[in-house]
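Colleague: I am new to this one. Please show me the model, and then I will ask how you know things.

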Protein chains: 4
Amino acid sequence: MVKVGIVGATGYTGSELVRLLLGHPKVEITTLVSRSESGRAIRDVLPHLRGAELPPLSPFEPDSLSRVCDLLFLAGENGFAMQHAPAWLEQGMKLIDLSADFRLKDAQTFESWYSIPHRCPDYLSEALYGLVELTETSRYEKARLIANPGCYPTATGLALAPLAQAGWIAPQGVIVVDAKSGVSGAGRSKATTDYLFSELNDNFKAYNVLKHRHTPEIEQNLQSLLGEPTRIRFTPHLIPMTRGILSTVYAPLKTPVSSEELHSLYDDYYAGRPFVQTRAPGDFPATRHVYGSNRCDIGVGVDERTSMAIVISVIDNLMKGAAGQAIQNMNCLYGWEETLGLPITAVAP
Amino acid sequence: MVKVGIVGATGYTGSELVRLLLGHPKVEITTLVSRSESGRAIRDVLPHLRGAELPPLSPFEPDSLSRVCDLLFLAGENGFAMQHAPAWLEQGMKLIDLSADFRLKDAQTFESWYSIPHRCPDYLSEALYGLVELTETSRYEKARLIANPGCYPTATGLALAPLAQAGWIAPQGVIVVDAKSGVSGAGRSKATTDYLFSELNDNFKAYNVLKHRHTPEIEQNLQSLLGEPTRIRFTPHLIPMTRGILSTVYAPLKTPVSSEELHSLYDDYYAGRPFVQTRAPGDFPATRHVYGSNRCDIGVGVDERTSMAIVISVIDNLMKGAAGQAIQNMNCLYGWEETLGLPITAVAP
Amino acid sequence: MVKVGIVGATGYTGSELVRLLLGHPKVEITTLVSRSESGRAIRDVLPHLRGAELPPLSPFEPDSLSRVCDLLFLAGENGFAMQHAPAWLEQGMKLIDLSADFRLKDAQTFESWYSIPHRCPDYLSEALYGLVELTETSRYEKARLIANPGCYPTATGLALAPLAQAGWIAPQGVIVVDAKSGVSGAGRSKATTDYLFSELNDNFKAYNVLKHRHTPEIEQNLQSLLGEPTRIRFTPHLIPMTRGILSTVYAPLKTPVSSEELHSLYDDYYAGRPFVQTRAPGDFPATRHVYGSNRCDIGVGVDERTSMAIVISVIDNLMKGAAGQAIQNMNCLYGWEETLGLPITAVAP
Amino acid sequence: MVKVGIVGATGYTGSELVRLLLGHPKVEITTLVSRSESGRAIRDVLPHLRGAELPPLSPFEPDSLSRVCDLLFLAGENGFAMQHAPAWLEQGMKLIDLSADFRLKDAQTFESWYSIPHRCPDYLSEALYGLVELTETSRYEKARLIANPGCYPTATGLALAPLAQAGWIAPQGVIVVDAKSGVSGAGRSKATTDYLFSELNDNFKAYNVLKHRHTPEIEQNLQSLLGEPTRIRFTPHLIPMTRGILSTVYAPLKTPVSSEELHSLYDDYYAGRPFVQTRAPGDFPATRHVYGSNRCDIGVGVDERTSMAIVISVIDNLMKGAAGQAIQNMNCLYGWEETLGLPITAVAP
């Protein structure tokens, strides 16, 4: 059994990791770190985890973790992992970081979008960006540090990859990514007026319209697929629901193709990938279809009137968009079956 | 007092007309027609209207309406108004039709998108398309038949008008309209599995992705502003909430402008219009800001990285998107103050 | 025009007062006090109020208010009004306090349930408890200080009054009040994890189960109707919705009566009261029926198997449960028509 | 592997059975019957089940089922199972019926509350009522036909059992059960106006107030615990959320006990039961704590002012209230570990 620890165990992503790891056959949870709730039982902080055997929430003592953990999941805020990663790697632990710290390959880009200096830019090239379906399996063999992708970049990267790699996107056109997310993406510690139930219920809005931090991550993914830099227009919105992301992607086509041809492209591209489901032409997925699942479902169609490919992808932002993909990365890291411990079917209604 | 009747009084739009007309100082509701519920008191069908004095729901007897009504609001399904409008106009009544029957100027376009033959295409040119802020006041003077705009075309038309009339949109680029609506737009009679609470709650999806009927109406509005035909890419989505539309519009710019210049354009364009509120640059509205109000709030910004104008507009689909704008049209028709009987502030939280 | 000010104008109750007063024909809003947002325009803090002419948010300067206000609405937290009321009354202003400070007649009871000392217990007897339908009109004539009732006590008091005054309740039995509220009752400043959207959406729970502060207020109301002390069992719950309270009241009957007799009792009791609507026997109201309205709708029935009267009442907690009733109290205070400026029909769907 | 079939596989309960059985290590799903959707792939009807290997939806051919099934789950409407159960039992299949057909022991009581004649009253005594925690394990040994309990009776029975068996309830007092449910309990086929999203969102109401069919089932459970007939007052309400039941139970106490004593009673009673979690005194559960789990969490307290025990229980109505408990019953029927294939932790937020 691999011994795993979670730093930031009481956040929405952290507690989802706990829930999934409890059902995983090859790991043992040895440590749950919570800087704000240490000393308490996690079942008292998060009653939905009652009924499970779990270690108590412990304070953050970075130097002692490697004695009890082979692998650490880092579910802290941006800027946290970079402070400790070098030491932990040296102590021999593997790390899966769910923050943005190691996602961007360029330290300057990171600093300009996140407004914090990077503490260990030398590790950016080593970090493996773990958007699993777009990453060669062989790259996991020597990996020690995995940057778990952002939720929007996961949904959008999977929506764009087949089109980009096929070279079907018109080079001059702008790709518009209009994305919508449930509120849990904001996290459990965002206790401000803006995130109160009464402010968001029966309400819908865009946010960070002109500058959202996931923009460079989406562009970096696209560049590695296209082989050249590109610019996307990314607008996130907040849906009055808890879980789920739907990304509506508008890509101008280089040459005319039919909806059926587009569908074949996607179907072939994702053949054999258990967590990506391509829908029939004209059939588009809803977020509920992947609620609580690690799947990404994708629907495609061509708008012949405007020569645009319309691609709609859905994920559960806490699963494939965070904790689920982190487990999938762990499975790849240890050479286990990709689906181990991860639900494929969703919880509905 | 002008005597008004409502045909289709128990639908979501019809009952919202009732509520607003009850508070209007210059009209008297003489007739409430409901084909499905005739004979009942509206307070028993729709308890939210309890406490008001209202005529009973009457059966549909088209020939007797002109005896008791000066003005009819037609809140029936598409294809209904066109069957009776010519006779009613001949009998001297004024008509405000909330269906799609008289919105499109071209009968062929209507028939190709709505899949029903038009019964009185000769009246399409006479019908006044009542997107009030985009219609010259003088055109109301002789109007008898008003086509009340669709909800998406209202939100989108108001979002695009200043840009289009200023000639700032790049002629070759595609305008992307990514719109999101609350569920009440589907109406009260849509009792199918797809619209059940358990299917839509905590769920988000696109619908009619490749072909939605509001596309030609939006294009017709744009053409009359631009002076030439154009193509837009319009994608509607369904939000798990009852009321509200948010339209995110991406328009490629002909020449670079700043967010501040864009804001000034909108601010000037809508100066003096009580129901359109332009937000400061970078401030974007939420649907809740106009819930229960006849307002349309608009936020604008320029994405310099992609040379795109981003315009976000919000309306309450049952108010400015349907019943509220119908009352506004009535006010214009009779030369009354535009705001009479219409709430400007919204109900929040 | 009566000059009114609101202290606490940016809270949920305060801003609802603003919205209602804007539509009231006999008042002028001269002052909006916000201790946290002074200096800003209220339209920037609360965009749903855009489009209205309003004074800027001013700091709290208690001594200057009487120069510009005839009447103050106090929408602050518990313990605030009692600090200033005596001075303000002396300066000649009338006060309508929406906090709990003057609701209980007994200072000791107040202190034991609210855990703060009362600063001016001498004013408790003067304060008029303004549950309008249960208060003789003549008592408003000399009133200067009105204690606006709590939301739960309003819904529950109206549900119990006819039964209690008729003497139909079994003297030994316990009255069970199982009440459910939308989240807006918690207020806009309650920015803690517990009230985040993601915590409350698709969730339901009881709170303050063994001791809720509205218990003594409900008992005080019941005692004044029954003429003797009584004990109720009151349990509040939180509904994943924004507005609305539904109170399910179980009262053991002294002697058998039919549902029809019970209905007649209520119908007679509330005859002529514009804001209370009694439903037909077996017809029970939903919270949406009074959303945005100042109404209280009541449904009644008898469970013959257990000899219990079941009474279900609904209000909008921000309207009849707070701001709406405060306006109604103002109307009574000045001898205006009770319904002035107050919506009777509700906003639905 | 036990071969199982599901009749009614596309309903909310049926599809939840499918999802759970997919993860169960000792069964194989051989047959999915859907009378309305036969011939289609279940992944096309219910996309949340995509990614799983499942047989196609087949028409209902009652005589052929025993050739491919050892066990049938019956997830049809009331009145369906009783038509076929005798023949199926004779053919050697075991049956778990999720309808009400075999829950009540008395055919007359069934007929008076359900208004349909019972087709095989002789089987009522044989049927094992499977509220697992209240049923002796030995009774499963010879069982062939299990009546899976209703959702409200499950939540309420577990809330009342310790109090009832301890003899702590005052014999003359009325037990009030004020229950609240998410909308999914109404089922997927209830496509009427009343269950539309726009009618129920941001709304709360009671339903079937004076006569709900779960009343006699709750009373039957209570009678078997108390040893004598009793009467409860049961009122169900509809919460604007999809899953979850919360039952607030008010039981008059025979003699005074403290909250701590009450808590000990419950803690002891449910010691060792994996799916029932007793909360600390004064800690009451929320429905989200058991969302997607088979748990029932219970909080207790004593209101000394009224001598009442307050017990609040929560379940997921589709899990412990339907499909989850059906799997639990299957586990007991075959002598497998009770928790096999059933989640204990919940999906949150």
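Colleague: Which residues of H8(C) are buried?

Modeller: His214(C), Thr215(C), Pro216(C), Glu217(C), Ile218(C), Glu219(C), Gln220(C), Asn221(C), Leu222(C) and Leu225(C). This is a predicted model, where local features need pLDDT of at least 70, side-chain atom pairs count only at pLDDT 80 or more, and totals for chains, interfaces and linings use all residues. Residues are numbered from 1 along each chain as its sequence is written, chains are lettered from A and ligands numbered from 1 in the order in which they are written, and side-chain values use heavy atoms, with hydrogens and water left out.

Colleague: What makes H8(C) mostly covered?

Modeller: Of its 13 residues, 10 are buried. Buried means under 20% relative accessible area (1.4 Å probe, protein chains only).

Colleague: How do you know that the length of helix H8 of chain C agrees with what it should span?

Modeller: The expected span is 1.5 Å times one less than the number of residues. For the 13 residues of H8 (residues 214–226) that gives 18 Å, and the end C-alpha atoms are 18 Å apart, so the two agree. A helix here is a DSSP run (H or I, at least four residues), and a strand is another (E, at least two), both numbered from the N terminus.

Colleague: Why is Ile310(A) called buried?

Modeller: Its relative accessibility is 0%, so Ile310(A) counts as buried. Ile310(A) lies in strand S14 (residues 308–315) of chain A. Its contacts (heavy atoms within 4.5 Å) include Phe284(A), Val209(B) and Arg233(B).

Methods:
Buried means under 20% relative accessible area, exposed over 50%, partly exposed in between (1.4 Å probe, protein chains only). Lists of a residue's contacts leave out its neighbours within four places in sequence.
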